[in-house]
Amino acid sequence: MSQHFDALETRAPEVREAALMAALPAQIAHAKAHAPAFADLLQDVDAASVNSRAALAQLPVIRKYELLERQKAARASGGNVFGGFSAMGFGPGMTRVFASPGTIYEPEGTRADYWRMARAMFAAGFRPGELIHNSFSYHFTPAGSMMETGAHALGCTVFPGGTGQTEQQVGAMSELQPAGYIGTPSFLKIILEKAAEMGVALPTVRKALVSGEAFPPSLRDWMAARGVTGYQCYATADLGLIAYETSAREGLVLDEGVIVEIVRPGTGDPVPEGEVGELVVTSLNPDYPLIRFGTGDLSAILPGQCPTGRTGQRIKGWMGRADQTTKIRGMFVHPGQVAEIVKRFPEVSKARLVVSGEMANDQMALHVETGLLDDEGLKTRVADAVRDVTKLRGEVHLVAQGSLANDGKVIEDARSYQ
């Protein structure tokens with residue numbers, strides 16, 4: 001059997017890129033025609049002209065809080081519960097509606113493997129004809145259904161274990177003898193510990209696909225010591241699968257059904273390869289066509305290709321949250337304001353706002369990368385811009401190019417709260 005899910009994974013990178021860019025204008029036109037929110041947001045956009053990453057980068061980023069605000073406003077007025085982002089309505093084309101914290105409602109369509117999870121399961125070692133123990137939640141949020149529909153598309157049978165009832169989970173695993181587990185890594189650890197406590201062997205559970213929380217190497221090794229090989233994937237309730245881990249253990253390979261950009265937090269501006277920024281995803285799902293959807297998560301593109309032969313781009317994985325909005329002296333300061341300051345000065349390539357001091361004694365300093373380290377005039381002009389944009393006074397430090405940490409932080413809160 002092939003070591004890859006399908007031929008899409010091994011196509012030449014330029015072939016993949018051409019296919020994605022060819023699909024992009026049609027998806028934008030579809031979103032404008034069938035999703036009222038995008039008809040509004042992209043009303044002045046010529047869909048046919050958005051056929052490159054450079055053109056895509058000119059479109060606005062839609063962040064989760066904006067989606068939530070539109071949904072709430074629409075529901076309050078008796079309008080569309082999805083805020084106009086869904087291209088389909090209730091009925092035969094929509095099998096389920098899910099709710100994520102907020103509350104944000106997400107539709108599920110009827111297409112096989114709607115959330116595109118089968119690819120990640122295959123990379124984790126699952127194969128047709130196996131039984132999978134699925135311990136993701138089956139109520140409110142889509143995680144349980146995301147994994148179940150992916151397993152069915154792969155040709156697997158699913159036991160819907162859900163969450164909780166640890167002893168019963170152990171009992172079901174012992175009697176049904178599934179090939180592996182899907183769920184959060186922490187719950188698998190709890191199950192394995194409970195099985196050991198009960199003296200129940202789980203000899204068939206030898207692989208796992210985990211998601212929903214961090215999966216550090218220490219936990220991966222803990223599972224491996226107990227005979228379970230675990231892999232992780234990165235997915236969201238809005239977009240489905242975004243990236244998945246392979247046996248190479250070198251980052252996460254991007255899914256074939258999304259276009260991913262890494263942008264500077266608070267902006268829609270793509271950053272150079274390797275630099276940490278916010279993951280922005282354009283989905284090619286026609287039912288829920290999210291265009292430049294900001295996940296709020298930080299990551300970076302890894303150079304090169306996966307040693308497994310998969311040719312898609314890779315990301316480093318989840319590296320923190322991009323929303324670094326901070327209250328300073330009673331005023332909220334946003335990453336977008338820092339970006340606005342930087343754009344005013346061609347001499348400045350990057351900036352980081354550091355907030356320090358003790359409670360009720362906030363001190364603010366903007367560190368800017370520039371080749372003009374002794375330019376006092378530049379320092380003064382940047383300080384004026386800081387005051388103009390944020391309405392707060394702060395120090396300015398001119399630092400050498402490349403000296404700021406590559407961690408995606410635009411605002412660093414270094415205050416002491418003791």
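Modeller: In this predicted model, the lining of the largest cavity is formed by Tyr 114, Trp 115, Arg 116, Asp 238, Leu 239, Ser 283, Asn 285, Tyr 288 and Leu 290. A cavity is a set of points on a 1 Å grid over the protein atoms alone where a 1.4 Å probe fits but cannot get out, and lining residues have an atom within 4 Å of a point. The volume of the largest cavity is about 50 Å³, a volume being the space filled by probe spheres set on the points, which are joined across faces, edges and corners. Sorted by class, its lining holds 5 nonpolar, 2 polar and 2 charged residues. Here Ala, Val, Leu, Ile, Met, Phe, Trp, Tyr, Cys and Pro count as nonpolar, Asp, Glu, Lys and Arg as charged, and the others, Gly among them, as polar.

Residues are numbered from 1 along each chain as its sequence is written, and side-chain values use heavy atoms, without hydrogens and water. Because the model is predicted, local features need pLDDT of at least 70 and side-chain atom pairs count only at pLDDT 80 or more, while totals for chains, interfaces and linings use all residues.

The structure holds 2 cavities of 30 Å³ or more. Around it stand Gln 337, Val 338, Ile 341, Leu 353, Met 364, Leu 366, Val 386 and Thr 390. This lining counts 6 nonpolar and 2 polar residues, with no charged residue. At least two of its residues come from each of α10, β19 (363-370) and α11 (376-390); such helices (H or I, at least four residues) and strands (E, at least two) are DSSP runs, numbered from the N terminus. The element that gives the most is α10, with 3 residues.

The pockets come next. A pocket is an open set of points with protein on both sides within 12 Å along at least five of seven lines. The second largest pocket has about 360 Å³ of space. Of the 17 residues in its lining, Arg 63, Tyr 65, Glu 278, Asp 323 and Thr 325 lie nearest the centre. Two or more residues are given to this lining by each of α4 (64-76), β13 and α10 (335-343). Helix α10 therefore has a part in two linings, that of the second largest pocket and that of the second largest cavity. By class, the second largest pocket is lined by 4 nonpolar, 7 polar and 6 charged residues.

How do these spaces relate to the domains? The domain assignment gives domain 1 (13-319) and domain 2 (326-413), with bounds that come from an automatic or database domain assignment. Each of the two domains supplies at least three residues to the lining of the second largest pocket. The centres of domain 1 and domain 2, taken over C-alpha atoms, are separated by 35 Å. Between them, 9 residues of domain 1 are in contact with 10 residues of domain 2, where contact means heavy atoms within 4.5 Å.

The largest pocket has a volume of about 1100 Å³. Its lining comprises 41 residues, and Ser 211, Gly 212, Glu 213, Cys 233 and Tyr 234 are those nearest its centre. The elements that contribute two or more residues to it are α6 (143-154), α9 (217-224), β8 (229-236) and β13 (293-299). Strand β8 gives the most, with 5 residues. In this lining there are 20 nonpolar, 13 polar and 8 charged residues.

Helix α9, one of the elements of that lining, also holds Trp 222. Leaving aside neighbours within four places in sequence, Trp 222 is in contact with Lys 189, Leu 192 and Glu 193. From Trp 222 to Lys 189 there are 33 residues in sequence, while the two are 8.6 Å apart in space, C-alpha to C-alpha.

Two points of backbone geometry complete the account. Most residues other than glycine have a negative phi, and most peptide bonds are trans. Asp 113, in the loop between β3 and α5 (118-123), has a positive phi, near 50°. The peptide bond from Gly 102 to Thr 103 is cis, with omega near 10°, and Thr 103 is placed in the loop between β2 (94-100) and β3 (104-109).
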